Amino acid sequence: MSLHDVLSRRPNPAGVVRNLSASPLERLAVVTCMDARIDVFGMLGLRIGDAHVIRNAGGTVTSDVIRSLAISQRKLGTQDVIVVTHTGCGMLSFTDDEFIAELADSTGQPPTWRPGTFTDPAQHVRHGMRQVRTSPFLRDDGEVRGFVFDVQTGAVDEVQEIDEVAPATKATNGAAPA
């Protein structure tokens, strides 16, 4: 199917849910993977307008995700954050070094960023939760929870964070927590 075929199916004008604010009703932001099999709203029982959804390859908490979360929290009123990854993620099928070498070989230069591959979805979620909890740019008065979505069964299993970081130990100015 061509892009033209895909775009020819779009409604114009597109459907709009009226009277919603840019500030999510549930004061929630969700960080998850860009995988097309994931219906974020259905998976978490949310409706349009309930949450900000930040998606990227692997649901990785990158500096740009921190930027988006900081704006979401400080300018648009979100408080809680959910980090979700999933089984069968494409990021499980290669390594950072392999992809960097492939790009360098193909383009003549390595990327300035790391792909962020991982081998254990639950551990990847724990790492993301720690990054959110320890960022000096994010609020420390909300909950941070993590989940792994099973794309085969639909199960959404909560990930318990090991060695939780208390809000009082949040890093400042980019320094690591004490």
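## A helix across the sheet

Helix α3 (residues 63-76) lies across β1, β2 and β3 (80-86). Its direction is about 170° to β2. Angles run from 0 to 180 degrees between N-to-C directions, using axes fitted to C-alpha atoms, for helices over the stretch in contact. Helices (H or I, at least four residues) and strands (E, at least two) are DSSP runs, numbered from the N terminus.

This is a predicted model: local features need pLDDT of at least 70, side-chain atom pairs count only at pLDDT 80 or more, and totals for chains, interfaces and linings use all residues. Residues are numbered from 1 along each chain as its sequence is written, and side-chain values use heavy atoms, without hydrogens and water.

## The sheet

Five strands form an open sheet in the order β2-β1-β3-β4-β5, with mixed pairing. β2 (51-56) and β5 (156-159) are the edge strands; each has a single partner, so one side of each lacks a neighbour in the sheet. From one strand to the next, the twist averages 25°.

Strands pair if DSSP finds at least two bridges between them. β1 (residues 28-33) and β2 run parallel, joined by six bridges. In one of them, Leu28 has Ala51 of β2 as its bridge partner.

## A loop residue

Is Asp35 buried or exposed? Asp35 is buried, because its relative accessible area is 14%. Buried means under 20%, exposed over 50%, and partly exposed in between (1.4 Å probe, protein chains only).

Asp35 sits in the loop between β1 and α2 (40-44). Beyond its neighbours within four places in sequence, Asp35 is in contact (heavy atoms within 4.5 Å) with Arg55 and His86.
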